Amino acid sequence: MSSQTRRKERIDRGIKVRSEGLYALMSWREMAYLILPRFMLIAGLLCLPFLMPGMYWQRVISIVCIYAIVAISFDFLAHYVGLVCLGGAFFIGTGGYIAGIFNAYFGMPPVLTIPLAAIAGGAFCTLLLLPCLPLRGVYFAIVTLMYPLFMARIIEAFDIFGGTDGILGIDSFPSAFVEQYFVVGILLVFVFGLRRLVTTDMGLIFTAVMDNDQAVRASGINITYYKAMAVFIASAMGCLAGACLTHIYMWSGISQFALDFSILPIAATVIGGAGTLVGPVIGCLILVPVSELLRDFGTLRIVFYATILVAFILFRSDGIMAFAKRKYEQIERWTQI
Amino acid sequence: MNTNQDQPILRMENVSKVFGGVTALREVNLDVFQGDVLGIIGPNGSGKTTIVNSITGFISLTSGRIYFKGKNITGKKPHKIADMGVTRTFQIMRPYYSLPAYKNLVIPLFSPRAKRTGGWRGGGRLGDRKTIAIDILEEIGFERDSYIPFKTTSTLPTGYLKRLELARCLALQPEVIICDEIFSGLSMSEIASMVPLIERIQDDGITIVMIEHRLRELFQVANRVMVLNFGEKLVEGTPDEVMANEQVKEAYFGSEKIEEVMTYA
Amino acid sequence: MEILVYGTINSVSLALMGLGFAMVYGISRVPNFAHGALYIICGFVTWTILQKLGLPYVVAIFLSLAVNGILGILMYRFILIRVRGMNISEIISSYAIGLAILEGLRYGGFRGMTYTLPVFMEGMVFIGGVPVDYHRIIMVIVGILLVGGLWLFTHYTRLGLALQGMAQDERAALMLGIDSDFMAMLAMGFGAVLAGVAATMILPLGNIVVESGYHVLIMSIAVCIVGGLGSWIGAFFAAFIIGFAQILTVVFIGSHFQMVVALLAIILTLILKPSGLFGQQKELEDRV
């Protein structure tokens with residue numbers, strides 16, 4: 001590689017204007033060009049339950065969606081609000097337990113418990129995380145990593161809610177069909193809802209808080225309020241996922257606070273592409289089935305995805321999604337120097 | 001030039017601040033009147049930025065009180081103080097690096113104060129915040145038809161970032177702007193184009209407190225100057241009075257002749 | 001008296017766990033979430049050398065410490081160096097390494113009751129009517145010697161001073177001709193060795209189980225946060241606070257709550273005084 005005589009040139013396709021997120025569409029062809037990837041994602045996810053052979057793999061689809069919801073909530077908090085929350089399990093567990101308590105002890109049907117778990121769980125998590133909101137970077141990450149462990153130990157120590165056995169005898173979804181379409185639908189709503197949210201003026205404030213919280217305060221905006229709101233959105237999503245999980249397994253227990261629920265969504269986000277909100281979904285679609293395939297190898301699968309995670313952080317830190325987006329939106333060609 | 005002598009818009013009473021063992025401010029008294037352009041000068045480490053931080057609530061005072069329009073604002077949260085109309089720029093610029101320049105202004109336009117007052121010249125009531133943001137940027141010197149307002153802030157040069165800091169204050173429709181070294185790091189021509197901007201802001205009836213090292217330009221726009229030295233107020237008066245003061249020459253300029261300093265500052 | 005004796009022992013063992021983490025973070029600002037894994041791996045290496053190769057115990061310990069140090073250095077040299085300065089990537093990647101090591105060991109069959117290290121010295125002595133075995137006394141002595149030695153090392157040797165300089169201001173240290181990457185690598189090696197020392201001191205008291213890797217990680221983070229991230233003197237004192245608090249809870253409330261105390265300590269410290277008892281970083285960050 002002494003003297004290169006040519007270099008790779010990257011040119012944006014014609015429809016991008018000035019700034020990120022603005023497009024000038026001149027024809028249906030260009031319109032289709034924008035819509036196609038979004039359509040593929042929606043259609044693909046909706047078709048998945050039909051394509052899967054057998055009950056087992058259909059169940060895997062539900063699990064993928066649940067992990068994906070937690071992963072996009074992590075992505076939203078980390079890359080649009082700047083709060084790196086390593087405690088996805090905290091949200092899952094809280095939501096799961098709330099749904100379990102209301103279903104098993106008060107006899108409410110899943111139709112009621114799931115939204116209730118999302119809102120009450122979101123409020124509960126936000127309240128507990130409120131004192132930590134002034135923390136930044138490593139500190140916030142560490143303290144949120146501790147929360148699920150803390151909750152698990154509390155439940156174990158006080159022996160409440162079934163103690164180490166968990167809450168048993170929780171209603172399941174009416175049918176496998178309802179279960180899958182419910183979680184897939186929720187996932188799609190969240191993905192596109194969050195993508196819309198981060199481009200609104202309020203979403204801009206979240207980004208501004210991430211970039212520079214002092215300047216936001218100097219603009220007369222209460223940053224704690226906006227951080228709390230973002231945490232509420234994310235934790236409500238996590239709790240909803242947890243509630244679905246509880247109803248799918250008909251059980252809620254301490255293992256819902258396990259590290260698995262914290263680490264896998266993060267791995268999926270890193271692999272899929274951080275800060276894209278769609279990337280985590282793609283990451284989950286890859287990671288969860290692979291980890292199911294490796295179930296026979298026991299804990300080796302954790303080794304496997306930890307290794308993938310490290311490899312992606314080192315060599316492809318922008319993830320699959322950023323790579324795909326570049327390929328799709330730009331023309332690459334070699335030019336002579 | 002002080003048209004409204006009866007009540008100062010901003011008043012500091014015996015303000016002291018101690019960092020660990022270091023006294024950054026000692027018993028500073030200061031009155032700023034409506035329509036003033038007050039310059040605060042002083043050697044490095046004399047407590048200038050501490051004054052900005054204490055007025056805007058970014059640090060808590062050791063003792064003393066600060067009043068805005070007769071209301072005690074000591075110990076209030078920064079966003080409350082900004083909400084009342086006292087805004088500031090940062091010495092080390094703090095733009096939102098991942099956003100394009102015009103979206104930087106959407107944040108102040110979204111604040112409760114801007115929603116209440118309509119933001120910059122009441123324009124926030126009229127329409128889309130992003131459109132108004134571009135209007136403000138044009139006013140402050142970003143060419144509308146160029147790519148510059150749409151560029152990500154991290155790629156902009158210092159001159160534009162300093163203007164952006166000022167624009168972010170203006171977007172709030174403030175009553176007082178405290179500029180922390182807004183000329184530093186700019187070229188001569190950039191500063192020359194900033195001076196009329198400051199004068200235009202002053203014509204809008206906005207009170208300005210400027211903390212500066214560039215004395216020549218400061219003395220062009222300021223009608224009163226305060227000199228700080230080691231956290232203590234040395235002199236306060238019109239630019240001419242301050243320049244003539246022997247104490248100031250000793251403390252700030254050393255033994256050099258003041259005209260020479262003015263030339264090279 | 002019982003509380004005093006066992007409190008001290010518990011505190012010293014916590015301090016041993018936390019020192020390595022504190023040292024690495026203090027010098028290179030890398031939160032080494034693989035700390036627990038390094039701790040466990042040292043135990044298993046010692047066991048393997050002792051049982052499979054049949055070398056004497058002392059040789060086994062020093063060999064495994066060396067292995068651990070090299071492992072730490074390699075981890076820094078090939079992985080962490082690439083993500084240096086990106087807080088979150090540091091946490092995620094070091095945690096993933098730790099996870100891979102621990103779960104790999106579990107897969108490799110290192111579980112159950114069969115893995116124990118012999119104590120250094122059999123027998124026990126009564127201190128104020130409380131029976132204490134010799135090994136625990138050795139542990140306390142080693143712990144205190146280690147802290148003393150570290151203090152002397154960082155204050156009176158060239159290398160120690162260089163490390164301290166880097167801890168305070170990395171760029172300034174760079175300008176003074178201190179190779180910051182090399183120093184961070186050394187710090188990581190030291191941290192790994194310290195984790196190993198903790199392992200060889202504490203593990204003979206029980207079984208070597210993979211789960212305790214997570215436990216050690218949590219405890220060392222707890223100690224470091226309460227003491228102030230990056231201040232290993234702080235970590236030492238915090239270990240005593242948490243250690244005694246834990247023993248008091250075990251005596252008066254119940255052993256279930258032992259872990260709750262540590263986690264509560266972290267959360268309370270972060271909320272009330274995020275810089276910890278001896279840290280100064282928050283103050284620096286807060287300046288506008």
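Author: Ile41(B) stands opposite Val227(B), a residue of strand 9 of chain B. The model is a predicted one, in which local features need pLDDT of at least 70 and side-chain atom pairs count only at pLDDT 80 or more, whereas totals for chains, interfaces and linings use all residues. Residues are numbered from 1 along each chain as its sequence is written, while chains are lettered from A and ligands numbered from 1 in the order in which they are written. Strand 3 (residues 37-41) and strand 9 (residues 224-229) of chain B run parallel and are joined by four bridges; strands pair if DSSP finds at least two bridges between them, and strands (E, at least two residues) and helices (H or I, at least four) are DSSP runs numbered from the N terminus.

In chain B, six strands form an open sheet with mixed pairing, in the order 6-7-8-3-9-10. Because strand 6 (86-88) and strand 10 (232-237) of chain B, at the edges, each have a single partner strand, one side of each is left without a neighbour in the sheet. On average, neighbouring strands of this sheet are turned by 20° against each other, direction ignored, where axes are lines fitted to C-alpha atoms, for helices over the stretch in contact, and angles run from 0 to 180 degrees between N-to-C directions.

Helix 1 (residues 48-55) of chain B packs on this sheet and touches strand 3, strand 6, strand 7 (176-180), strand 8 (207-211) and strand 9 of chain B, contact being counted if the C-beta atoms of two residues, placed from the backbone, lie within 7 Å. The direction of helix 1 makes about 145° with that of strand 7 of chain B.
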